[in-house]
Amino acid sequence: MKKLNIGIVGLGRLGKEYAINIQYRVPNANLIAACSLNKDEIEYAKKNLEVEKTYTDFDQMLTNTNIEAVVIISSTNVHAEQIIKAINKGLHVFCEKPLGVNIKECLMVEEEAKKHNDLIIMVGFVRRYDPSYMQAKKTIKENKVGTPFFVRSQTVDKDIWAPFQLEFVKTGGGIFHDFNVHDVDLARWFIGSEVVKVWSQGGAYRFKEFGRANDADNTFSFCEFKNGSMALIGASRTAPHGHDTFTEIIATEGKLTVGSPPSKNQVQISDKYGVRQECNETFFDRFKNAFLIQIQDFVDCVMKNVQPDCNLSNATEATIITTAMTSSFKMKSIVKVEDIILKNK
Ligand SMILES: NC(=O)c1ccc[n+]([C@@H]2O[C@H](COP(=O)([O-])OP(=O)(O)OC[C@H]3O[C@@H](n4cnc5c(N)ncnc54)[C@H](O)[C@@H]3O)[C@@H](O)[C@H]2O)c1
């Protein structure tokens with residue numbers, strides 16, 4: 001079987017999971033190189049990943065290895081520059097969301113990518129690969145619930161991640177870019193129209209440190225679409241019960257709900273606290289399967305020379321909207337997406 005030779009950059013919380021998937025669970029992929037700034041993660045790669053080479057310098061990995069594709073799971077603030085470097089070396093690219101921390105970075109990548117139409121460039125929006133979200137999309141396509149006109153979607157993390165997130169904010173672009181880029185992508189995907197206006201509100205209600213970092217621990221955004229549809233998008237860093245991501249799609253002849261309640265499994269516990277189910281702990285517990293399906297799809301797209309749906313233009317559009325949300329939150333007013341685009345051109 002022909003195998004795609006891959007180098008990965010970023011071996012942190014999520015990068016390690018990608019590396020294991022690529023090396024041991026994607027049959028037509030070979031992970032031959034790994035790069036991280038962190039020495040412990042390099043040691044981890046040497047011991048556990050059976051890669052030929054490890055690097056602490058991304059440029060050296062691009063120059064000194066015989067890779068055909070790069071998987072970028074590094075901090076968000078270096079995604080754009082790493083994609084541009086990789087495509088200029090003629091390498092196919094998979095990059096985790098978000099494409100960049102601002103619109104300029106996304107447009108720079110798109111501009112450079114135009115010169116490399118032969119390459120497959122994919123941005124990870126893992127929920128599109130989750131079997132339940134895929135089923136919801138199929139149900140809408142088959143017109144079983146009519147036309148969607150309202151999407152309510154939230155990304156909610158367990159509170160124990162707050163200290164990690166406080167560090168993460170420095171490179172991740174803030175709660176709207178980091179959390180809600182998923183919900184925005186889903187709302188566009190299900191509604192099939194573009195957001196024209198947003199109104200975002202929120203605050204640092206429990207962890208005041210997020211306020212001092214110009215960010216929030218809980219937010220809501222109301223979005224108006226060009227075709228008159230609506231979305232209500234929430235984000236939270238303070239859930240005591242676990243990772244509670246869900247989406248509800250209200251359509252003219254029915255409603256779809258994905259991921260609610262956020263149960264870890266099918267077991268119901270009846271005890272002195274009542275009748276209950278355990279909750280997913282992390283995003284990875286919830287989307288473990290989808291992450292594997294997603295990276296398998298990237299490798300297959302490269303092998304078959306097919307461009308994926310999770311392309312640069314969808315990723316840029318999501319960042320434009322999360323930029324509008326950030327701006328609305330900071331200005332405490334409704335923001336028109338066209339004004340944000342003009343300001344960032
Ligand atoms: N799809 C999802 O649900 C999801 C969930 C979590 C994280 N992510 C995304 O994945 C990315 C990584 O997140 P994480 O939680 O694993 O972060 P992390 O902080 O745990 O790891 C970051 C990694 O990037 C590496 N890195 C940073 N700058 C680098 C550079 N210049 N050169 C080489 N390596 C560099 C670090 O060494 C580290 O290995 C982020 O962009 C994040 O938005 C997506």
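Pro261 sits in the loop between strand 12 and strand 13 (269-271), where helices (H or I, at least four residues) and strands (E, at least two) are DSSP runs numbered from the N terminus. The peptide bond leading from Ser260 into Pro261 is cis, with omega near 0 degrees. The model is a predicted one, in which local features need pLDDT of at least 70 and side-chain atom pairs count only at pLDDT 80 or more, while totals for chains, interfaces and linings use all residues. Residues are numbered from 1 along each chain as its sequence is written, and side-chain values use heavy atoms, with hydrogens and water left out.

A cis peptide bond also joins Lys97 and Pro98, with omega of about -15 degrees. Pro98 belongs to the loop between strand 5 (92-96) and helix 5 (103-113). These bonds are worth a look because most peptide bonds are trans, and most residues other than glycine have a negative phi.

Positive phi values turn up in loops too. Glu50, in the loop between helix 2 (39-48) and strand 3 (53-55), has a phi near 55 degrees. Lys332, in the loop between helix 12 (312-331) and strand 15, has a positive phi of about 55 degrees although it is not a glycine. Glu50 counts as exposed because its relative accessibility is 60%, and Lys332 is exposed with a relative accessible area of 64%. Here, buried means under 20% relative accessible area, exposed over 50%, and partly exposed in between (1.4 Å probe, protein chains only).

Turning to the sheet, 7 strands form an open arrangement in the order 12-11-7-10-9-8-15, with mixed pairing; two strands pair if DSSP finds at least two bridges between them. Strand 12 (254-258) and strand 15 (335-336) stand at the edges with a single partner strand each, so one side of each has no neighbour in the sheet. Helix 6 (residues 131-141) packs on the sheet and touches strand 7, strand 11 (246-251) and strand 12, contact being heavy atoms within 4.5 Å. Further into the order, strand 7 pairs with strand 10 (residues 230-239) in the parallel sense over 8 bridges, and Lys158 stands opposite Ala239 in strand 10.

Strand 7 (residues 148-158) also holds Phe149, which counts as partly exposed because its relative accessibility is 33%.

How values were computed
Axes fitted to C-alpha atoms, helices over the stretch in contact; angles between N-to-C directions.
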